[in-house]
Amino acid sequence: MTSPSSGEAVAKPSSSGLGRLLDQRVLLSIAVLAVLPWLLPSQALAVNVLIYGVVVMGYNLLFGYTGLLSFGQAAFFGAGAYFTGIAIGRYGVPWFAAVPIAVLLSTGLAAAIGIVSTRTRGIYFSMVTLALAQLVYYVALQASSFTGGENGLRGFTVDRISLLGFPVNFLDPVNKYYVLMAFAALAMWFQSRILNSPFGAVIEAIRENEQRARACGYDVERSKLIVFMLSGAISSLGGCMLALHLSIVPLDILHYQTSGMIVMMVLLGGARSFFGPFVGAAAFLILEDVISVWTPHWQLFVGAIFVLFVLFLPKGIWGTLLDTLGVGKARP
Amino acid sequence: MSGELLRAEGIGKHFGGFVALEGITVSFAAGQLTSIIGPNGAGKSTFFNILSGALTPTSGKLHFRGRELNGLPQHRFVHQGISRSYQITNIFPDLSVHENVRVAAQALTVSYDIWRNRARLTELNARADAALEAVGLLGRRAELAKFLAHGQQRALEIAIALVSEPELLLLDEPTAGMGPEETKDMVALLERLAEKRTVLLVEHKMKMVLGLSERVVVLHHGRLLADGAPDEIRSNPEVRRVYLGQSEGYG
């Protein structure tokens with residue numbers, strides 16, 4: 001393919017060796033995540049990269065690919081975590097059933113928030129998503145008999161799970177990592193399918209030129225609602241993973257600061273790139289880890305670094321790297 | 001060529017107190033190339049926006065192939081067989097030239113499919129390439145649309161409108177901002193298009209319109225001033241007064 005390479009997210013056969021390798025973006029991403037615990041300083045960090053990577057990847061579908069700047073993605077991250085915890089702790093649902101139930105319920109929440117928010121545009125969309133997500137936060141705060149209120153949700157520890165009949169100690173960090181990685185792999189495969197699908201082309205068209213997309217015959221509002229729900233579903237899976245990982249759900253997960261962090265992560269890693277969200281999550285969490293050792297005001301430094309990124313590396317770490325390698329933004 | 005394709009009945013459009021269009025009744029036969037002309041502010045663009053569903057008329061009715069279009073949302077107009085281009089270049093800048101047209105081609109069939117791989121929908125890819133070939137852009141298919149020259153972007157715009165195989169193609173000043181060379185290419189393209197389908201053209205360049213069209217409709221102050229063959233329009237004293245004589249620039 002000649003440079004500049006095509007702007008599509010669809011993974012087309014590429015003539016250069018590197019490009020052809022990167023066409024297998026799901027497998028490559030899984031391979032990188034598989035060795036992540038040995039690349040990062042701690043297992044705990046690796047698990048967090050995995051979880052936030054999935055959340056941010058779901059958000060990237062909405063922000064990076066469709067161009068909708070939501071400030072409320074924490075609602076779905078939190079919903080996934082709370083629904084998982086409540087299903088297991090309160091209703092005794094087995095963990096493997098709790099996850100799909102939580103994702104479905106969170107997708108329903110995304111539908112409700114999406115119906116209202118996708119009718120608005122630009123800054124109004126951002127504000128409506130922010131406000132509705134905060135509404136979810138206050139519901140979780142008030143409904144303390146269900147959610148534990150400000151103490152967070154507790155009492156649903158998953159310590160021992162059975163995989164195909166084999167008992168697995170879920171408290172062992174390595175076991176836990178690979179079980180959660182299976183969820184991440186599923187999410188990546190799903191996201192990749194969406195991006196390669198005809199609908200994946202529609203959302204990019206809407207991002208590029210909403211008026212033209214409408215004139216081409218697309219129901220823009222309906223498409224935005226669908227992508228809002230898909231994005232919420234994927235991000236909520238990250239929430240399910242967090243609940244299984246921590247065995248508690250902190251209330252903070254629903255706060256708008258979490259939404260802000262998700263936006264920062266996607267910009268650090270590179271919006272509109274497949275693997276960028278994982279890079280962004282890793283970069284943010286490593287920065288937090290390293291700088292908070294030196295100073296309690298780590299957010300000041302992370303904020304400054306973020307501003308530098310927005311000014312000088314608008315495509316983020318991964319997007320810039322891919323551009324430098326000449327494989328374009330359409331790659332993993 | 002036979003049969004009435006589109007009929008506008010008493011179309012009016014008011015913006016608050018401002019009357020942009022009033023009582024426009026006109027019908028367009030299948031297979032003809034008709035131009036809509038008129039001085040600036042005559043209501044051409046408003047009329048075009050109504051015909052393509054972007055604006056809802058304040059009064060009057062639109063019939064397309066015998067079906068009433070009133071109340072239909074804009075995105076359904078393409079599904080009925082009406083497709084348009086824009087006066088100001090209106091493309092998907094950060095998508096490849098091919099993808100610009102391919103995404104328009106899929107609108108009628110697989111819009112909400114999140115499962116199949118679109119690279120394997122070969123029929124759509126072939127249709128997109130055929131539309132690009134029709135406007136002479138097949139050689140640039142892999143480039144990003146934003147890197148095309150102005151004239152080529154105008155042609156891409158037409159390919160996007162063309163790929164849905166519309167029965168009625170609405171073109172809003174396809175030669176806007178073009179130099180003489182590019183205009184010549186565009187006129188040749190329009191002549192080729194008009195051989196096979198019904199085209200409705202809004203244009204400013206008078207000579208070009210009179211040479212190209214089978215029929216010319218003149219709007220003035222939101223009303224229908226004249227309607228006829230180019231020769232009749234050329235000799236119509238009313239038209240000469242409000243339009244032809246007023247500025248050499250339109251010549």
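In chain B, confidence is lowest in helix α9 (residues 237–244), at a mean of 80, and highest in α3(B), at 96. Confidence here is pLDDT, the predictor's score for each residue, from 0 to 100. Helices (H or I, at least four residues) and strands (E, at least two) are DSSP runs, numbered from the N terminus.

This is a predicted model: local features need pLDDT of at least 70, side-chain atom pairs count only at pLDDT 80 or more, and totals for chains, interfaces and linings use all residues. Residues are numbered from 1 along each chain as its sequence is written, while chains are lettered from A and ligands numbered from 1 in the order in which they are written.

The predictor gives the complex an ipTM of 0.89 and a pTM of 0.91. The chain scores follow.

| Chain | Mean pLDDT | Residues with pLDDT at least 70 |
|---|---|---|
| Chain A | 90 | 92% |
| Chain B | 90 | 96% |

In chain A, pLDDT is below 50 over residues 1–15, a stretch with 46 contacts beyond near neighbours in sequence. Two residues are in contact if their C-beta atoms, placed from the backbone, lie within 7 Å. In chain B, pLDDT is below 50 over residues 247–251, and that stretch has four contacts beyond near neighbours in sequence. Where pLDDT is low, the predicted coordinates should not be read in detail.

Now the interface. Chain B brings 34 residues into contact with 30 residues of chain A. On the chain B side, the elements giving two or more residues are α2 (74–80) and α3 (97–105). Helix α2(B) gives the most, with four residues. This side of chain B divides into 18 nonpolar, ten polar and six charged residues. Ala, Val, Leu, Ile, Met, Phe, Trp, Tyr, Cys and Pro count as nonpolar, Asp, Glu, Lys and Arg as charged, and the others, Gly among them, as polar.

Next, strands of chain B. Strands pair if DSSP finds at least two bridges between them. β3 (residues 33–37) and β9 (residues 215–220) of chain B pair in the parallel sense over four bridges. B:Ile36 stands opposite B:Val217 in β9(B). β9(B) also runs antiparallel to β10 (residues 223–228) of chain B, joined by five bridges. There, B:Val218 stands opposite B:Ala226 in β10(B). The hairpin of β9(B) and β10(B) has two residues between the strands, and B:His221 takes a positive phi near 50 degrees.
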